[in-house]
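Please open the structure in your viewer and keep the sequence beside it.

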Amino acid sequence: MAYVRYSKIDDLPNRRISGKITPGCICLEGGAFRGLYTGGVLDALMEADINMACTIGVSAGAMNGIGYACGQIGYASRINLGHRRDPKYVGLGAWKKNKGIIGFDVAFGAPDGLEPLDIAGIPAAGRRYLAVATNCLTGREEYFETNGTRRILKAIQASASMPFLSKMVYISGKPYLDGGCACSIPYEWALKEGFEKIIVVRTRPADFRKEVKENSRHTATHLLYGKYPQFVKSLTAGNANYNRQCEEINRLGEEGRIFVISPSQPVTVGRLEKDVEKLGALYHLGYDDTVAKLDALRAYLEA
């Protein structure tokens, strides 16, 4: 079946990094297909030879981050821009095989001649990679770190399985869903780990905030997840927690404690955006925003 692809997909990079590793941690926000912004950021960083030693991502950030941690420039962005309209990647075909809206078998299957993800190369290169998922029993985020095997892909699937649109993913007998339900932006983990240099990649502009609803308005959440009360608490408190994180990220960025890369323009792309040209433009916005900040970023990393 033929489907629409991004018109400039052949112009996207498809190669390996040099092997140089930069001390510090990069933290990646989710946002479904708004993650094309993150894809552009990561490709620009890799082309600039800024390859952070540790990568931690939530949801779409986890999916984008695995290609970055493997040092494979363009991997995630080529899949998203090449397969967004493929029903095996997003749609009925994805649901039949993956029990969710996203076809992880396509994402991790190295289509279109892409080199398979070199997960074994992450620890071999002295790098770390973590995916954040929400434990539906506790309502808390959990951090899954790769030991160099493809078992990490299950954690990434859990991290990016959106509530209401995906079935829970079971890991060691426990149910998990989207990491963003409990932790939208995983910078706090990097701070607690003591990293001196931390890059935070947002998928919304710095001034964006979410609407905070009263608990009584979360009817669908209670109906669908009533058997998981702690998970319901995390979902209903999610927007307020997100706004708190945004405020702290802005403060830490102004203080020079972390370096923030966020969209310089309003993001009009939807979570499940179908327009691949809009997605391509968002990718290039991420790329261009990063290139514009490279001098400041290098100064931060070298200070």
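Begin by selecting F144, which at 17% relative accessibility counts as buried. Please bear in mind throughout that the model is predicted.

**An aromatic pair**

The structure holds ten aromatic pairs. In the pair formed by F144 and Y176, the ring centres are 5.3 Å apart and the planes stand at 80°, so the arrangement is edge-to-face. F144 belongs to strand β6 (residues 141-145) and Y176 to strand β8, and the pair therefore ties together parts that are 32 residues apart in sequence.

**Further rings**

Now select Y143, W189 and F195, which form one aromatic cluster. Then move to R204 and F208: R204 lies over the face of F208, at 4.1 Å from the ring centre. A further selection, K210 with Y242, shows the charged end of K210 over the ring of Y242, 4.4 Å from its centre.

**The cysteines**

How many disulfides does the structure contain? The count comes to zero. Select C181 to examine one case: C181 is in no disulfide, and the nearest cysteine sulfur, that of C136, is 7.3 Å away. C181 is buried, with a relative accessible area of 8%. Select C246 next, together with C183. The closest cysteine sulfur to that of C246 is the one in C183, at 12 Å, which is too far for a bond. C246 is likewise buried, and its relative accessible area is 0%.

**Helix α10**

Proceed to helix α10, which covers residues 229-236. Which of its residues are buried? They are F231, V232, S234, L235 and T236. To see what surrounds them, display β5 (128-135), β8 (174-178), α9 (219-225) and α11 (238-255), against which the buried residues of α10 pack.

**Two crossing helices**

Finally, select helix α1 (residues 36-47) and helix α3 (residues 75-83), whose axes come within 8 Å and cross at roughly 145°. The crossing of α1 and α3 is left-handed. To view the contact itself, show the side chains on both helices: L36, G39, G40 and D43 in α1 meet S77, N80 and L81 in α3.

Notes: Residues numbered from 1 in each chain as written. Predicted model: local features only at pLDDT ≥ 70, side-chain atom pairs only at ≥ 80, totals over all residues. Heavy atoms only, no water. Buried < 20%, exposed > 50% of the residue type's maximum accessible area, 1.4 Å probe, protein only. Helix = DSSP H or I, 4+ residues; strand = E, 2+ residues; numbered from the N terminus. Contact = heavy atoms within 4.5 Å. Phe/Tyr/Trp six-rings, centres within 6.5 Å; stacked < 30°, edge-to-face > 60°. Lys NZ or Arg CZ within 6 Å of the ring centre and 35° of its normal. Disulfide = S-S within 2.5 Å. Axes fitted to C-alpha atoms, helices over the stretch in contact; angles between N-to-C directions. Left-handed = near helix turned anticlockwise from the far one by under 90°.
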